[in-house]
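Here's a quick briefing on a model with two ligands.

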Amino acid sequence: ISAAFLSVVCLHLFNASHTLAGEDLLAKARQSFEPIPTAPADLPGNPTTPAKLELGKMLFFDPRLSKSHAISCSSCHNLGLGGADAEPTSIGHHWQHGGRNAPTVLNAVFNKAQFWDGRAKDLEEQAGGPMFNPVEMASPEAHVAEQLKGIPGYGAVFAKAFPGDADPITMANVQKAIAVFEATLITPNAPFDRFLKGGADELSAPQKEGLALFMDKGCSTCHNGVNVGGGMYAPFGVVEKPGAEFLPRSDKGRFMVTKTPSDKYVFKVPTLRNIALTAPYFHTGKAWDLRQAVAVMGTSQLGVGLSEDEVNKITDFLNSLTGDQPVVTYPILPPSGAATPQPEP
Ligand code: HEM
Ligand code: HEM
């Protein structure tokens, strides 16, 4: 090997490690990612008001939206657990398990669409799903408005939230109010956000190496933008289908929505924001160790066997995506009265 060749190699290595620590890393990261905004934004066609926000919060925590009066949105999207439920698949009505892992509601407002298969276009549409889902909250369709009308105290709260409406207790308004509350569940100020804003020391050296790997290996071709994900769909198993424990062949993902053959086993690329808080991973919830999820992604999505050191550094980087958790004061809900519809088995 000639000295000239060696010096080229050395120069290359020097450049690579220089890139990892330097300004270039920040510049490159800024091309793919954006910090979480520090304040929530209005939803199109559904402006936030303090009264609507308060109502949305009440509904999110009110188990009387379920048939049993035992299950609320917060049962499966626990704000003390990163907006998820720490179960592989959620437990709903009659202790039934749904088919998929509950994604976090934190920063869901930044996702291009909702659900693993993107079948709801936004938070407002999504909020119409779970109350009537027989394995989630299991309420009969017409019942939710009837239930809320039967709770003395909600009438005034809905009237304040929707001042123009003659009969404000409707399913549409329930969905609007919940969406407004969810839009406030954002987690700014993660170490990675502070890094993106120029705080060079906000990431540790291994985290910076992990970020460089995350971009260089190709993770950021799918997990990018403000949510480090949530912006596109991709097959789970682009290069190699993962084992049936992670990808049971029965759940064909977005194909069930579009019926397009190329959408078989396609899922929404999930956000990796707060990923350290939301084990277990994948739509099956079968990976309990974030490092395992990272390694599976390497083989299934990129066709690369990541070394243990690379997996550890990427995981270190993912740990920098945990932001300030929303501070939510638990709402006091209007009590049931003698005429309130009662829970059903
Ligand atoms: C998905 C909110 C009730 C389990 C979602 C998503 C949102 C959300 C925003 C989509 C997140 C994303 O795709 O990134 C709500 C609200 C609820 C509620 C507002 C109350 C009205 C529940 C309950 C359960 C549950 C009670 C468990 C029994 C799930 C599951 C998914 C999901 C399993 C993923 C389903 C799929 O992709 O097919 N929820 N949720 N949710 N939620 Fe909930
Ligand atoms: C899921 C990380 C590359 C698409 C995940 C999850 C993690 C992750 C931790 C689990 C998220 C959760 O359960 O909430 C990574 C890393 C990558 C990488 C570290 C690089 C080594 C990619 C690429 C694509 C992609 C290149 C697109 C081609 C997806 C999809 C899922 C996912 C579709 C959902 C899988 C499912 O159905 O459960 N990724 N990812 N990822 N990622 Fe990646």
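Let's start at ligand 1, where one of the oxygen atoms sits 2.6 Å from a polar backbone atom of Phe115, a polar contact in the sense of two N or O atoms within 3.5 Å (within protein, one must be able to donate a hydrogen and the other to accept it, and residues adjacent in sequence count only if both atoms are side-chain atoms). Keep in mind that this is a predicted model, where local features need pLDDT of at least 70, side-chain atom pairs count only at pLDDT 80 or more, and totals for chains, interfaces and linings use all residues. Residues are numbered from 1 along each chain as its sequence is written, chains are lettered from A and ligands numbered from 1 in the order in which they are written, and side-chain values use heavy atoms, with hydrogens and water left out.

**Ligand 1**

- An oxygen atom of ligand 1 is also 2.8 Å from a polar backbone atom of Trp116.
- Lys268 brings in its side chain, with a polar atom 2.7 Å from a ligand 1 oxygen.
- The shell around ligand 1 holds 27 residues, and Cys73, Cys76, His77, Phe115 and Lys268 are the closest; a residue is near if one of its heavy atoms lies within 4 Å.
- H4, H5 and helix H8 (171–182) each supply at least two shell residues; helices (H or I, at least four residues) and strands (E, at least two) are DSSP runs numbered from the N terminus.
- By class, this shell has 14 nonpolar, eight polar and five charged residues, taking Ala, Val, Leu, Ile, Met, Phe, Trp, Tyr, Cys and Pro as nonpolar, Asp, Glu, Lys and Arg as charged, and the others, Gly among them, as polar.

**His77**

- His77 is in the loop between H4 (73–76) and H5 (123–126).
- At 18% relative accessible area, His77 is buried (under 20%; exposed is over 50%, partly exposed in between, with a 1.4 Å probe and protein chains only).
- A polar side-chain atom of His77 lies 3.3 Å from the backbone oxygen of Gly83.

**Ligand 2**

- Ligand 2 is surrounded by 25 residues, with Cys219, Cys222, His223, His283 and Met297 the closest.
- His223 has a side-chain N or O atom 2.9 Å from a nitrogen of ligand 2.
- The shell splits into 20 nonpolar, five polar and no charged residues.

**Val269**

- Val269 lies in the loop between strand S2 (266–268) and H12, and is buried at 6% relative accessibility.
- Beyond four places in sequence, Val269 is in contact (heavy atoms within 4.5 Å) with residues including Cys222, His223 and Tyr233.

**Arg30**

- Arg30, in helix H2 (residues 23–32), is partly exposed at 46% relative accessibility.
- A polar side-chain atom of Arg30 is 2.9 Å from the backbone oxygen of Leu196.
- Arg30 and Lys197 are 167 residues apart along the chain, with their C-alpha atoms separated by 9.0 Å.
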